[in-house]
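Please consult the sequence and the structure shown below.

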Amino acid sequence: MEIYAAGDFHRVDMRTIAREAGMSFRTIYRYFGDKESLLFYFIQYWLGGLYPAALKPLDGDGDLRSKLLGVLKLHFEFYEKNPNVGRIIFMTVPLERWMRDPSYAQRELMLRMLKAISDAQQQGELRYDLDSRLILDMFNAIFNRAFLMWEYRRRSYSLTAQAELLLSVLWNGVIANKPPAKSTVEAAVKKASARKTAAK
C-alpha cells in the first residue's frame, strides 16, 4: 500500500515490493504475474473494509436521500481512515487498465445502487426522465472529486463533514419536479381571469 500510494504507478516494480514485504520475487511473481494483477487483487482486498458495511443504508425502509447520504458518509469515513487506499484508487491506479479487470465493476454495490435509484424513480421520488445510470454516475463523481480535493488541500478539513452539503447539490438536480398544489393552480387561474376582466 505504501509503495503504490507514494508515487507513480509506472515506477513501481515487483522486486521493490518483494524486498519491502520480505518475500522472494519468485513467490510474488508465481501468484500474481505482474504488478497490475497484484494491485487489483489488493484493491479488492482493501475494499473489504468498506463493503458490505457501506451497503447497509440501502436496506430497509426510508427515503432514498437518507440512504444515499448514509452510503456517502460511510465512504468518506472509510477514506478518511484509509487515505492511502483512496490515493491508490483515485490517483495512482491506471484507470484504463483497471477497467479491464473484474474488480473495477464493483457489481454488487452498483446493482444495489441502481435498484434503489430505479425504485425511487418509479415511486415518483426522483425524476423519471433521467437514466438511473446517469444519477449513479453523478453520485460516484461526487466522492471521487471530493477525495481528490481533500488530498489537494492537504486534508485540512473533515471529508465526512462535507457529505450533507455535497449530496444536497446532487439531490436538487435529480429530485422529482412535483406539480403545484391544486389550490395554487386555482388561485393562478382566478388571478389571470381577474386581469382579463380588468383589461376589458
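Helices here are DSSP runs (H or I, at least four residues), and strands are runs of E (at least two), numbered from the N terminus. Axes are lines fitted to C-alpha atoms, for helices over the stretch in contact, with angles from 0 to 180 degrees between N-to-C directions. The model is predicted: local features need pLDDT of at least 70, side-chain atom pairs count only at pLDDT 80 or more, and totals for chains, interfaces and linings use all residues. Residues are numbered from 1 along each chain as its sequence is written, and side-chain values use heavy atoms, without hydrogens and water.

**Confidence**
- The chain has an average pLDDT (the predictor's confidence in each residue, from 0 to 100) of 87, and 88% of the residues score at least 70.
- Mean pLDDT is lowest in helix 11 (residues 182-199), at 51, and highest in helix 5 (residues 64-81), at 96.
- Where pLDDT is low, predicted coordinates should not be read in detail.

**Helix 6 and helix 9**
- The axes of helix 6 (residues 83-92) and helix 9 (residues 132-152) come within 10 Å and cross at roughly 115°.
- Contact (heavy atoms within 4.5 Å) involves residues including Arg87 and Phe90 of helix 6 and Phe143 and Phe147 of helix 9.
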